[in-house]
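Me: I am new to this structure. Please show me how to read its features, one at a time.

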Amino acid sequence: MIENFDLSLVDWSRAQFALTAMYHWLFVPLTLGLSFILAFMETIYVRTGDEKWKRITKFWMTLFGINFAIGVATGIILEFEFGTNWSNYSWFVGDIFGAPLAVEGIMAFFLESTFVAVMFFGWNKVSKKFHLASTWLVAIGANLSALWILVANAWMENPVGMVFNPDTARNEMNSFAEVVLNPVAVDKFLHTVTSGFVLASVFVVGISAWFLIRKREEELARKSILIAGIFGLVSSLAVALTGDTSARTLAQVQPVKFAAMEALYEGKTDAGLTVIGALADSGDRIGEKKVHDVKLKIEIPKLLSIMTTGKGSGYVPGLKDLVNGNPERGILSVSEMMERGTYARQVLTDYKMAKELGDKESMAELAAKFEDKDFIDNYFKYFGYSYFEHPWQVIPSVPVTFYAFRVMVGLGFFFILLFALALWFHKRKTLEKNQWFLWLALISIPLAYLASELGWIVTEMGRQPWIIQNLMPVHVAVSNISAGAVQTTFWLFAVLFTALLIAEISIMVRQIKTGPKH
Amino acid sequence: MSSPGNVLNRIFRFYYDGFRTMSWWGKRVWIIILVKLFIMFLILKLFFFPDFLKVNFNSDRERGDYVLEQLTGNN
């Protein structure tokens with residue numbers, strides 16, 4: 001039974017999923033962004049006929065190929081883990097994941113696999129225009145693949161477009177459009193792919209800066225900085241914009257995560273956005289959770305209210321409102337949600353008992369409730385709350401979410417400045433004179449990866465304790481297997497992925513040092 | 001117009017020549033891809049990642065009943 005599950009099993013399963021997902025994500029964003037940078041460079045080559053652009057394109061294509069090849073199929077491991085470690089969850093999500101992932105698989109196979117071969121083997125064998133079209137299709141295909149994965153991920157944060165079938169204990173999709181056009185999915189896709197574009201642009205600017213520091217391949221470096229600088233600047237601004245729209249959606253569908261990101265405990269009007277701050281234990285508690293004061297705070301007045309409600313006087317609920325409830329603001333307490341969820345779970349239990357007794361009349365009556373709008377909106381919507389013993393258990397780690405968010409946003413604004421400076425120095429032909437900038441660009445490469453990983457930490461740690469928002473907590477989702485087995489595979493993955501990462505970095509560094517072919 | 005046989009032959013030659021004339025890094029990453037896929041599918045998937053519900057239950061009905069039991073707990 002769920003009550004008897006070993007907590008260390010949950011923790012190890014989470015750690016393993018986090019490890020594999022974060023390693024997988026080391027490879028993905030560079031593929032998403034660099035594919036478009038290649039497409040831009042090759043377009044210039046085809047339009048101008050200038051062989052220098054072909055050489056530049058082929059150099060970056062080599063680095064793209066190494067990253068693509070090492071990273072390919074690393075995401076499949078996550079699917080292994082769903083089946084072994086997260087079987088209750090895998091069953092419960094039903095066909096919601098199946099449809100988007102099947103589309104992703106087909107598109108990835110036909111678009112990426114076919115046209116990646118043309119990209120690498122097709123120079124001088126297919127026409128310039130066909131080769132260019134292949135490069136664009138790889139870029140579009142890679143990014144569309146990400147769309148389907150992110151649609152599935154977004155459903156976990158805002159489950160829509162489905163109905164729960166008590167007989168099979170599975171959710172069944174009743175609106176593909178609702179799943180795909182889920183506002184969280186749209187925001188998440190735009191924010192994630194544009195952040196991948198930023199990472200790839202930082203990568204290109206950083207490697208190009210290294211060439212300029214070494215006084216090698218100066219023309220390649222300058223031209224690459226121009227393309228990546230423009231693409232990076234536009235993408236960074238898009239990341240900021242999509243981050244803003246994501247925040248608005250988040251405040252509606254995951255208000256607890258949003259409040260945790262801001263360490264906002266007391267709800268307020270005219271809420272300011274904390275730009276910089278340090279958390280300190282206030283001594284107060286919500287249940288067993290510490291309440292933090294934000295010290296050394298630099299705040300932009302009213303911005304949080306504007307971001308979430310569109311007006312400066314808008315009310316932003318804090319964690320205390322969200323846990324204890326605030327009737328004046330129409331916010332239900334978690335205790336109330338727990339009661340409603342417990343009722344929904346009782347209906348499911350009654351259904352199970354009727355099924356065991358073969359009482360078809362009761363089964364039909366109880367099953368009908370799961371299709372009744374009132375029951376879905378007022379009870380089943382809170383199904384997952386029935387698994388908690390205390391209201392405070394719905395609060396995620398505030399320090400992790402708060403700091404990860406701030407560092408990610410801070411780095412995002414730093415990249416805007418980096419690209420603006422790159423373009424400024426390029427325009428003034430002073431890139432080489434500003435050695436400090438070249439070194440800054442080079443050391444920004446790991447910072448781009450850090451920002452990208454922190455984005456996922458905010459997303460996934462911020463939505464704890466849920467694996468499916470409001471419907472299934474993480475501890476209910478795990479399989480009844482031994483924690484030892486999960487520990488073993490955790491270390492196997494740690495070794496495998498570290499080896500892959502070392503392989504990627506060493507092959508890539510060698511190719512960068514070799515430089516483009518003459 | 002090329003016959004289907006010719007098209008297939010050209011596709012085969014395209015890939016064959018591509019792999020035959022592959023660069024140093026291309027060969028290295030293909031070795032890594034093959035080793036990685038071998039480890040993932042023939043070692044990890046087979047020995048460490050059985051599908052919990054498929055291995056322990058024979059039909060979807062049994063799997064559904066088991067998860068229903070898990071979801072409803074001791075109530």
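Me: In the hairpin of β3(A) and β4(A), which residue takes a positive phi?

Reply: Some ground rules. This is a predicted model, where local features need pLDDT of at least 70, side-chain atom pairs count only at pLDDT 80 or more, and totals for chains, interfaces and linings use all residues. Residues are numbered from 1 along each chain as its sequence is written, while chains are lettered from A and ligands numbered from 1 in the order in which they are written. Now the residue: Gly287(A) has a positive phi near 60°. Two residues sit between the strands of that hairpin. Strands (E, at least two residues) and helices (H or I, at least four) are DSSP runs, numbered from the N terminus.

Me: Over how many bridges do β3(A) and β4(A) pair?

Reply: Two strands pair if DSSP finds at least two bridges between them. Strand β3 (residues 273-286) and strand β4 (residues 289-300) of chain A have nine bridges, in the antiparallel sense. Leu273(A) stands opposite Ile300(A) of β4(A).

Me: Is Leu296(A) buried or exposed?

Reply: Count C-beta atoms, placed from the backbone: a residue is buried if 20 or more others lie within 10 Å of its own, exposed if 12 or fewer, and partly exposed in between. Leu296(A) is exposed because 9 other C-beta atoms lie within 10 Å. Asp270(A) has 15 C-beta neighbours inside 10 Å, so Asp270(A) is partly exposed.

Me: Where is the cis peptide bond?

Reply: It joins Gln464(A) and Pro465(A), with omega about 10°. Pro465(A) lies in the loop between α17 (435-462) and β5 (466-468) of chain A.

Me: How do I read the packing of α2(A) and α9(A)?

Reply: Two packed helices are described by the angle between their axes and the distance between the axes. Axes are lines fitted to C-alpha atoms, for helices over the stretch in contact, and angles run from 0 to 180 degrees between N-to-C directions. Helix α2 (residues 51-71) of chain A packs on α9(A) at about 75°, with the axes 10 Å apart. Angles under 35 degrees count as roughly parallel, over 145 as roughly antiparallel, 65 to 115 as roughly perpendicular and the rest as oblique. So α2(A) and α9(A) are roughly perpendicular.

Me: Which residues of α2(A) make the contact with α9(A)?

Reply: Contact means that two C-beta atoms, placed from the backbone, lie within 7 Å. From α2(A) come Lys52(A), Ile56(A) and Phe59(A). They meet Glu219(A), Leu220(A), Lys223(A) and Ser224(A) of α9(A).

Me: At what angle do α2(A) and α19(A) cross?

Reply: They cross at roughly 170°, and their axes come within 10 Å. That makes the two helices, α2(A) and α19(A), roughly antiparallel. Residues in this contact include Leu63(A) and Ile66(A) of α2(A), and Leu500(A) and Ile507(A) of α19(A).

Me: What span should α19(A) have?

Reply: The expected span is 1.5 Å times one less than the number of residues. Helix α19 (residues 483-514) of chain A has 32 residues and should therefore span 46 Å, which agrees with its end C-alpha atoms being 46 Å apart. Gly515(A) follows α19(A), with a positive phi near 80°.
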